[in-house]
Structures are given as structure tokens and as C-alpha cells.
Amino acid sequence: MSTAAAEHAPGPGSADGIAARARGLTKAYGSGETTVLALDSVDVDIARGRFTAVMGPSGSGKSTLMHCLAGLDNVSAGQVWLGDTEITGLKDRELTRLRRDRIGFMFQSFNLIPTLNAAENITLPMDIAGKKPDDKWLDQVIDTLGLRDRLEHRPSQLSGGQQQRVACARALASRPELIFADEPTGNLDSRAGLEVLGFLREAVDQLGQTVVMVTHDPGAAAHSDLVLFLGDGRIVDEMERPTAEAVLERMRLFTGGNPQTPGFDVIRSQFGDGEPTSPEER
Amino acid sequence: MLKATLRSFLAHKGRLLLSALAVILSVAFVAGSLIFSDTVSRTFDRLFASTAADVTVTPKETLDETVPSGQTLTLPASLADRLARAQGVAAARAEVDVEGLTVADKDRESVGPTTGAPTIGTAWNPTERSGVELTSGHAPKGDSQVLVDADTADSKDVRIGDRLTVIGQEGSFPVEVVGIVTFTTTNPGAALVFFDPATAQTRLLGDPKAATGISVDAAEGVSDTELKRRVADALGTDAGTYELRTAEEQAESDAEQLGGFLDIIKYVMLGFAGVAVLVGVFLIVNTFSMLIAQRTRELGLLRALGADRRQVRRSVLTEALLLGLVGSTAGLAAGIGLAVGLIELMGLMGMNIRTTEMVIGWGTPVTAYVVGLGVTFVAAYLPARRAAGVSPMAALADAEIAEIGRPLRLRAVLGSVVGAAGAAALVGCAVSSKTSAAASLLGLGVLLTLIATVIAGPLLVRPVIRVLGGAFPALFGSIGRMSQRNALRNPRRTGATAAALMVGLALVGGMSVASASMTKSFDQQIDKTLGADFVVQNGNFVPFPQEITDKIRDTEGVGLVVRSQFTTIAVRLPDGDRVKTTAAGYEPELDKVANITYAQGDSAAALADGRLAMDKDFAEDHGVRVGSTLPVEFQGDRRAELTVGALTDQESAEGFGAQGGIYFGLGTLQRYAPGGQDAAVYVNAASGTGADDLRGNLEETLDPYPQVQVRDIADYKQLVHDQIAVLLYLVYALLGLAIIIAVLGVVNTLALSVVERTREIGLLRAIGLARRQLRRMIRLESVVIAVFGAVLGLALGLVWGVCTQQVLALQGMTALAIPWGTIVAVVIGSAVVGIVAALLPALRASRMNVLAAIAHE
């Protein structure tokens with residue numbers, strides 16, 4: 001069962017330097033007159049070995065794009081490839097295996113299984129697959145993320161930042177082709193957020209991983225190599241080597257052009273602690 | 001507030017469904033048993049009232065029989081003529097009714113009911129009160145014609161013209177079926193055979209001048225009570241030896257005789273209801289606890305908005321009452337269905353009650369609603385109090401953590417106190433030497449230890465499940481680890497869920513130890529005391545006619561035959577007690593077929609004319625010694641003075657309701673209780689005849705007599721095992737019900753856990769847990785909860801069983817046997833129960849949409 005993953009393992013052998021690709025990717029919700037297009041014929045290439053950020057205002061379809069690329073959601077039209085594998089049209093069982101063996105995930109919150117300790121959480125995808133983790137790599141990941149003395153702790157005994165680091169370690173542990181991070185800093189204070197972003201950066205630069213991060217925090221996006229801007233279900237712009245100011249500037253355009261979306265969440269985002277729906281957590 | 005309650009009730013109706021099922025089951029069993037017994041007693045009351053003569057005269061039965069002696073009490077048939085001439089009497093008829101008849105068809109099979117109900121031979125005196133009418137053929141004439149009832153004819157395929165053999169106390173004789181009678185009222189389940197009256201007297205009673213009773217009809221304008229008085233006057237000084245009953249009294253007396261059987265059914269049903277209620281309470285407590293845990297935020301919000309504690313509590317209790325109301329109503333309906341089913345079942349057993357005549361007294365719905373509402377109210381009270389305790393701040397807190405966080409200290413203290421009291425009672429029971437005291441201590445101990453285990457269950461969850469699920473991580477990797485830890489996650493919930501299963505299995509554990517011990521004890525006693533090559537007797541211990549014994553004696557290869565009979569006696573003891581008991585009579589060669597240990601005297605002294613033997617301990621308790629002369633009262637007011645010839649020292653002298661273990665010579669018995677039939681005949685082979693040969697010969701001899709069988713010691717043990725097994729089947733049926741409800745509980749818990757862990761499940765699925773693996777995880781959790789319940793229950797049951805055996809040991813059943821096979825089977829069975837219970841929740845979890853699950857609040 002692991003042969004497919006082995007064939008597509010990242011490294012110099014990979015064909016064209018593209019980790020994931022979508023063509024004409026369309027996702028519609030509802031039917032008839034009430035149809036809402038979350039993604040409208042999106043074409044996108046995710047470059048291997050780079051840190052890509054996906055930005056956009058609420059409802060722009062950035063999370064949907066990630067879900068479709070990661071095989072979490074089915075598409076209405078278009079095609080999606082992970083490496084050389086077309087994932088559109090795969091059955092649940094194949095998609096599950098693909099996620100397990102070839103993709104790493106980080107979510108905004110609730111990333112860890114509360115009944116398992118940190119070490120067990122980190123190796124969980126491999127345990128599920130019935131594979132032995134690569135101990136040398138695992139040690140490197142654990143040390144890079146500074147989790148050595150936290151391995152026996154249960155999630156409830158860890159701080160939010162530590163929890164996200166464990167989630168990051170889990171995403172890295174199986175050396176997936178692609179890591180998807182959905183607002184990974186959304187629930188963290190700015191210092192812990194910076195730490196996590198640093199680790200993701202390090203994973204790309206030093207460990208050669210490919211990372212796609214969905215965020216609406218310009219500060220977070222500034223850590224990436226490339227920012228894709230989504231608006232109304234389309235990729236409207238992209239920015240190489242972004243800075244927080246440039247991203248924020250670009251985002252202002254959105255709010256100007258889309259009066260229905262107030263600039264609320266963007267302004268919030270300036271403070272680097274994201275989640276506009278839970279202001280009390282600040 | 002009421003509106004919020006109603007909304008909440010409707011919103012959670014899926015989850016309340018399982019609790020409602022528990023209520024429905026309890027109520028259905030209560031209502032079903034009430035409706036059934038009401039219907040049956042009404043039907044029979046009507047039957048007996050319509051078939052009883054205005055006044056019935058029967059020989060007085062001075063001692064109630066608990067063990068049948070085979071005696072048929074008679075009175076002179078001429079009494080009918082005497083009474084017919086009395087004032088106010090329109091007519092008087094001599095009746096013959098003989099129970100315990102066997103009628104065999106040409107294949108030598110009994111045409112009687114297979115249920116153990118009797119075959120009754122009756123003189124054909126058709127009146128409007130006979131309860132039957134001749135529907136084909138003609139009335140029997142002469143000594144070889146009979147009528148058979150239509151139900152028997154149908155079920156045993158008997159037709160007019162068939163030749164049957166009637167086997168009665170006075171010998172067997174061939175007859176021809178000349179007619180079929182049909183019941184005009186309810187058939188109580190017996191087989192009826194009607195004879196020409198003269199034939200009934202000569203052939204069944206062996207005396208053309210005898211009858212078993214006189215039916216007296218009143219003249220115009222004479223009331224039954226008045227008639228009874230006049231009949232008594234006509235009988236004059238003889239009145240004391242007869243029983244006189246008016247139609248009403250007769251109906252009551254008949255109903256009373258049947259009542260015992262109906263009471264058994266009623267109590268069995270109420271037992272089921274009890275188990276359903278007991279286990280149902282756990283289910284309801286658990287459901288409400290979980291609903292409240294889930295709704296902590298909502299309740300906190302209500303409190304924050306200004307609802308006071310009383311309002312919150314009342315809201316939860318109102319919800320419970322709604323559940324109880326719905327459950328009771330559905331349960332009542334289910335109970336009617338159950339009663340119909342039971343009535344149909346009785347029909348299959350030959351008791352034809354019409355379901356259209358079903359009686360639903362006002363007491364039934366009242367009881368149903370009281371039980372249903374009461375159970376839910378009681379079960380929801382604690383969770384409701386807890387709900388009321390939710391602080392307004394809980395609106396912001398994490399529900400599950402709040403639930404787990406509450407310490408179990410109170411449970412620990414309460415559990416150990418009650419448990420210690422229970423253990424003390426059980427120890428007291430084990431060391432007690434008085435049966436009655438030991439039995440009460442046993443009951444108390446069982447109750448207290450059960451309560452203690454239920455209270456302390458959540459405390460035992462961690463240590464026990466760590467062991468039970470210890471191998472899971474090694475066997476099933478992360479999936480095993482997560483399922484084990486999920487089961488440990490909320491000990492309170494796991495404990496309460498397992499408790500439902502525990503109760504049922506503790507019962508089974510205890511009963512199976514007790515019955516295995518009884519079986520083993522009986523085996524040992526049979527090995528020790530039974531010395532005969534073969535025993536001939538009826539499988540239901542019903543006595544059989546002399547003719548069979550005579551045939552056995554004449555069988556080739558038979559060396560020695562020892563007869564035994566039972567009779568009911570009342571003994572006046574030196575300490576003033578009058579003890580009514582069953583005594584046995586044996587032929588003098590008893591020692592050759594049985595090994596009896598005597599404390600004093602021997603079989604010769606015990607069986608000599610005018611002597612008796614009794615158990616040493618019983619004798620000591622009542623101040624009896626060898627040589628004491630005791631006044632003994634026999635059936636029909638016959639009195640004797642018997643001298644104690646020997647005292648026995650047997651382990652189980654007092655089995656089968658025979659208090660005192662009294663026996664005497666068969667000659668003595670027959671002198672004072674004539675007309676009895678043999679209960680068992682012990683046979684030894686003649687020298688030179690092999691056991692197999694003798695068995696073959698005996699079977700050939702007994703072939704025409706379907707009521708008796710030849711048994712060697714092994715067969716005899718089997719017969720005893722089968723009798724004990726009947727008890728076990730009942731327990732297994734109870735277990736079945738308990739398990740059904742326990743499964744509902746496990747389903748309930750898992751379903752709610754799955755909902756609570758939606759996000760976790762979504763995450764697991766996102767990072768690559770396959771649906772199959774997810775289902776396995778939930779299944780394993782379910783299995784570990786179920787096995788936990790089984791282990792707890794069986795451990796408790798084993799302790800109960802061992803203590804029960806200690807009580808039985810006082811009755812001479814000294815062997816202890818633990819049925820390990822059954823216990824292992826129950827543990828495996830509980831794992832299967834876990835798998836079954838997990839089916840739906842696992843399916844539901846695996847069908848969850850991953851994205852929706854991750855986003856779930």
C-alpha cells in the first residue's frame with residue numbers, strides 16, 4: 001500500500017517541480033437559482049519545495065481551494081492532481097490513503113487527539129498506515145520543533161503554541177509531498193504564531209518540504225515565498241517575496257472593491273491574532 | 001420555560017428514543033402480565049362458575065398434597081339417591097372424575113397433553129353445565145366406548161373408530177372412540193375422556209358403588225346457600241367427612257387450584273418487568289446525564305438569562321415526564337400485544353382463551369403509567385439536580401471536561417461503606433448454620449453488594465479497563481490505544497453503561513454457580529445413595545398404577561423390585577409442633593437398592609410395622625428420640641401412633657419439600673393411606689442377567705405404558721439435571737432481556753460519544769484514518785465497555801453463587817461447582833454484544849462528512 005507514496009516521494013527525481021495542480025477547478029454549493037460558486041474555474045500550480053500562502057477575504061474560497069487540493073472535498077468540475085496522480089474522481093478509500101501517506105495537515109484549532117500524548121499524535125498517520133516511522137527523521141523534526149521534553153504530555157497539558165508545534169511535527173513526520181496548513185496561527189498569540197511560522201519556513205528551507213498555508217493574516221503571509229490572492233472564487237493576483245505591508249496594501253484593494261465585505265477581519269489581522277469571530281480570546 | 005422544554009424534548013427525540021425503549025419494555029412487561037392474568041382468571045372464573053353444580057359434595061381432603069400420592073378419594077355413589085330425596089333438591093348425580101389417567105393410542109403414545117396437564121377420565125352425564133357438547137358420534141355405552149374432546153382429537157389425530165388403551169389405577173383396558181365432544185367454554189388445557197358412568201365406576205374407581213363427588217341441583221326457588229344447608233342436614237352426622245360447596249365456592253376452589261399455575265406465569269412476567277425496570281433506570285440516568293452534559297452551555301445560558309435552579313430542574317424533570325408519558329403509552333400498547341402473544345402461546349399449549357375476551361381492568365393502565373412515569377422520574381432526578389447546579393459561567397466552559405472533572409470521592413466512600421456492609425452480610429451468610437438466617441443474609445448481601453458495585457463502578461473503570469484493554473495498543477496499534485483511552489475518558493459514563501450489563505450477568509453468574517453446584521451435589525448424592533440397577537418412574541414424578549409394577553416383577557431377568565410411594569402426613573411432635581410433610585413408604589428390601597446412613601437403628605427397624613424413620617437433626621430439633629411414639633395423621637382423617645425406629649444421618653434427607661425426611665414401611669403407608677400409586681420402582685437384575693439385557697427387557701415390558709421410563713443411575717441424574725435446567729432457562733431468558741436493554745444502553749452511550757467527538761473524528765479522517773479503521777476503533781471501545789460490565793457482573797455473580805452454595809450446603813447440597821465453560825462463554829458473548837451495539841454508532845461515525853466534522857462546534 002505504500003508503494004504509491006514511495007514513488008511520489010519528494011526529491012530530485014520528481015518530474016516537473018509541481019507538487020499539486022488544479023485545472024478548471026470549480027466548486028458550487030446549492031443548486032438552481034441559489035447556486036453559489038465557491039471556486040470558479042481556478043487554475044493553479046503549487047511549486048515543489050516552496051512556501052505558498054493563500055489569502056483572501058472571508059468567503060473568497062481560500063479554504064475551499066485548500067480542501068479540494070487536499071482531497072478533503074469533492075469538486076464540481078475540473079481536475080486536481082497531486083504530483084502525477086489525478087485525485088478528482090478517486091473514491092473515499094483512495095483519498096483517505098492519499099491524505100494519510102502523501103499529505104500533512106495543520107488546522108487552526110483542535111489539531112490533536114486528546115487521548116494520545118504528543119509522541120503518539122506525531123506518529124499517528126504512520127501508525128494508522130501500519131508503517132514504521134523513520135527514526136532519524138523523526139528525531140530531527142522533534143528537535144527542530146523543540147518538543148523533546150514534551151513528548152509524554154497529553155494535549156491538555158500543552159499550551160496552544162506547543163499544540164500547534166506538535167501538529168506541525170505530525171505534518172512533517174511522514175515527509176509528505178505537501179503540507180496544508182489552514183490558519184495555523186489563527187488561535188495563537190503573536191509570539192507563538194511567529195514561532196509556528198518560523199518552523200514552517202524552516203521546513204521548506206532546510207527540510208525541503210512543500211507548504212500551502214491558508215491565512216488572512218498579512219503578517220503570516222509575509223513568511224511565504226508566494227502569495228495567491230483569491231476573490232470571489234478566482235485567483236485574482238499573486239505576489240512573490242511578499243512583505244506584510246505589501247500584502248496588507250493588496251488586501252485593502254479587496255475591501256475597497258467589495259463593499260459587502262467590511263474590512264473588519266483585515267484590520268483585525270494587522271494585529272496578527274486573526275480570528276475575527278472570537279474577539280474575546282484576544 | 002415549558003416551551004423551551006418541549007423544544008428540547010423534540011430536538012433530542014432521537015437520543016431519547018433508546019431511553020423510551022427501556023421504559024416501553026418495563027411497562028410492556030408489567031401491563032402484559034396484568035392483562036394476561038386478568039384475562040385468564042376472568043375466563044376461568046366464568047368457566048368454573050358456568051360448570052359448577054348448585055352444590056357439590058366431595059370427600060373431604062384433610063391434608064393438601066404437595067407431592068401427588070396417586071390416591072383418588074371416593075364416596076358412596078348411593079349418596080346421590082339419598083340427597084335426591086332431600087328437601088329442596090331437584091336432582092343429584094354421582095360424578096366420576098379421575099385425574100392422572102393415561103390414554104395411549106395404537107402406537108403406544110399418550111394422547112394426553114404434552115404440557116404436564118392431566119388426562120381426566122369422567123363419567124358422561126351431560127347437562128347444560130358439562131362445558132362440553134357431543135358434536136359427532138354417539139354417547140358411550142358399555143365398558144369399551146369413550147368420547148374424546150375435540151382439542152385432543154385434533155392435536156393427537158384421534159378419530160371416531162380409533163382404538164385406544166386406558167391405563168388407570170385399576171388396570172388397563174381397550175376402548176373405542178365413539179364420539180367427539182367440543183368445549184362450549186374454555187378448555188383449561190387438560191385432555192378429557194368420557195366413559196359410560198357405570199364403566200367409569202368399575203374400571204376407573206374399581207368399585208361400582210363409588211363416586212368421586214355428587215352434584216346437587218336446587219329445586220325452583222332454593223338458593224345455593226339454602227341448598228347447601230339442606231344437603232348438610234340430609235347428610236346428618238356424615239357431613240363432617242364431606243366437603244360441601246356452593247357453585248360460587250366450587251368455582252373459587254377450582255380457580256384457586258389453577259391460580260398457582262397462573263401466579264407462576266404472573267410472577268415470571270413481573271420478574272421480567274423488574275429486570276427491565278432495574279436495567280432501564282441505568283439507561284435513563286445515563287441518557288439524561290449525557291444530554292445534560294451536552295447541554296451544559298445551553299443550560300448555562302438559560303441560567304445566565306435569569307432562569308433559577310428550580311426552573312432548570314423542573315425543565316429537565318418535565319422532559320423526563322414527557323418521556324415517561326410517551327414510553328408508558330407505547331408500553332401499554334406493547335403490553336397488550338404481549339398479552340395477546342401469551343394467550344396465543346397458551347393456546348398452543350392447549351389452553352384456549354379467546355383474545356377477543358381480553359380483560360383490561362382499570363388497574364392496568366394506572367399501574368403502567370405509575371411504573372413508566374415513576375421510573376423515568378426517579379432515574380432523571382439526579383441528572384436534573386446536576387443540571388440545576390450548572391453555573392451561568394458554564395455557558396463558556398467545555399462540557400465534557402466539566403463532567404469528568406467532578407471527583408468520585410463521594411462514590412468511593414459510599415461504595416466502600418455499602419460494599420463493606422454487603423460483604424459482611426455475605427460472610428455472615430457463609431458462616432451461618434441456620435438456613436433461614438443464612439438465606440436472609442444472602443439476600444441482604446446480594447442487594448448491598450449490587451448497589452455498592454453500581455456506585456463504585458466508575459472507580460473500577462480505570463484499573464479494570466487498563467488491564468482488559470492492555471493488549472489493545474499491541475494488537476491494534478493506535479486504533480487500539482485510542483479505543484482503550486476513549487473508554488477510560490469518562491469513567492462515570494462507562495461505569496453506568498456497563499452497570500446495565502453487569503446486573504444481568506451477575507444474576508446469571510450467581511444462578512449458574514448455584515445450579516451447577518446443585519447438579520453436582522445431586523449427582524454425588526445419587527451416586528452415594530442410589531444402589532439400584534434401574535429406577536422406573538414418570539418423568540414428572542407422577543405416580544403410576546400397580547399394574548405396571550406387576551408387569552415389571554414378571555419381566556425376565558428382574559431379580560429384586562422395591563416399590564415406593566409417597567403420602568401426605570401431619571405429625572404431632574413432642575415439642576408441640578404439628579408438621580405437615582410428605583412421607584415415603586418403602587418395601588423392606590430398601591437396603592439393596594439404596595445406601596442409607598443411620599445414626600441410630602437400621603432399615604429393618606425403620607420399616608417394621610408401626611415404625612418410622614426420620615432425620616437425626618430434625619428429630620433433635622423437635623425432641624424426638626428412637627422409641628418416641630408420635631401421633632401421625634393421614635389423608636381422610638385416619639390417625640396412627642407410630643414409633644420412631646431409626647434416625648438417619650443423610651446429607652439431603654429433606655429434599656423435595658419432604659421436611660423431616662420421614663419414611664416407613666410400604667405396608668404401614670398402605671394401611672393408613674390406601675389406594676396410593678407407586679411413585680418409583682427400584683429394580684435390580686437377577687444374578688446372571690446383564691444390565692443391558694435387563695434394560696432391554698424392561699423397555700419391552702414398559703412399551704405399552706408411555707407414562708413411565710426405565711432409567712439407570714446416569715439417566716436418573718440426567719432427569720434431575722433437566723429439572724434444574726428449567727430454572728436455568730428462566731434465568732437465561734431474564735438475561736436475554738437484560739442484555740437487550742444493556743445493548744440499548746451501550747448504543748446510547750456510543751452514539752452520544754460519537755456526536756461529542758465529531759471534531760476528533762473529522763481530524764482523524766482528515767489525517768488519513770480509513771472508515772474501516774474508524775469503525776474498528778468504535779467497535780473496540782464498545783467491546784471493552786461490554787467486557788468490563790461482564791467481568792464485573794461475573795465476579796459479583798461468582799461471589800453470590802459461592803455464598804448461595806453455602807446456604808444450599810445447609811440443605812445437604814455440599815458440592816461447589818463453578819461452571820467455567822459458561823463463564824468463558826458469557827465473557828465471549830459480552831464481546832459479541834459489544835460488537836453488535838457498536839454497529840450503528842460506528843456506521844454513523846464513518847459516514848460523517850469530514851469537512852463538516854472538522855468545522856463542528
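This is a predicted model: local features need pLDDT of at least 70, side-chain atom pairs count only at pLDDT 80 or more; totals for chains, interfaces and linings use all residues.

Residues are numbered from 1 along each chain as its sequence is written, while chains are lettered from A and ligands numbered from 1 in the order in which they are written.

**Exercise 1.** Describe chain B as a whole, then find where α10(B) bends.

*Step 1.* Chain B holds 25 helices and 24 strands (DSSP runs numbered from the N terminus: H or I of at least four residues for helices, E of at least two for strands). Its C-alpha trace spans about 95 × 65 × 55 Å along the principal axes.

*Step 2.* Of its 857 residues, 49% are buried, i.e. 20 or more other C-beta atoms lie within 10 Å of the residue's own, with C-beta atoms placed from the backbone (12 or fewer is exposed, in between is partly exposed).

*Step 3.* Now zoom in on α10(B), residues 363–388: its 26 residues reach 35 Å from first C-alpha to last, close to the 38 Å expected (1.5 Å times one less than the number of residues).

*Step 4.* The bend is about 40 degrees and sits at Y381(B), with P383(B) following within four residues. The angle is taken between axes fitted to the seven residues ending there and the seven starting there.

**Exercise 2.** Work out which helix of chain B gives the most to the side that touches chain A.

*Step 1.* The contact takes 21 residues from chain B and 23 from chain A, where contact means C-beta atoms, placed from the backbone, within 7 Å.

*Step 2.* On the chain B side, α14, α22, α23 and α25 each supply at least two residues.

**Exercise 3.** Decide how confident the predictor is about chain A.

*Step 1.* Chain A averages a pLDDT of 80, and 84% of the residues score at least 70 (pLDDT is the predictor's per-residue confidence, from 0 to 100).

*Step 2.* Flag residues 1–15 of chain A, where pLDDT stays under 50.

*Step 3.* Flag residues 257–282 of chain A too, as pLDDT is below 50 there.

Conventions: Two residues are in contact if their C-beta atoms, placed from the backbone, lie within 7 Å.
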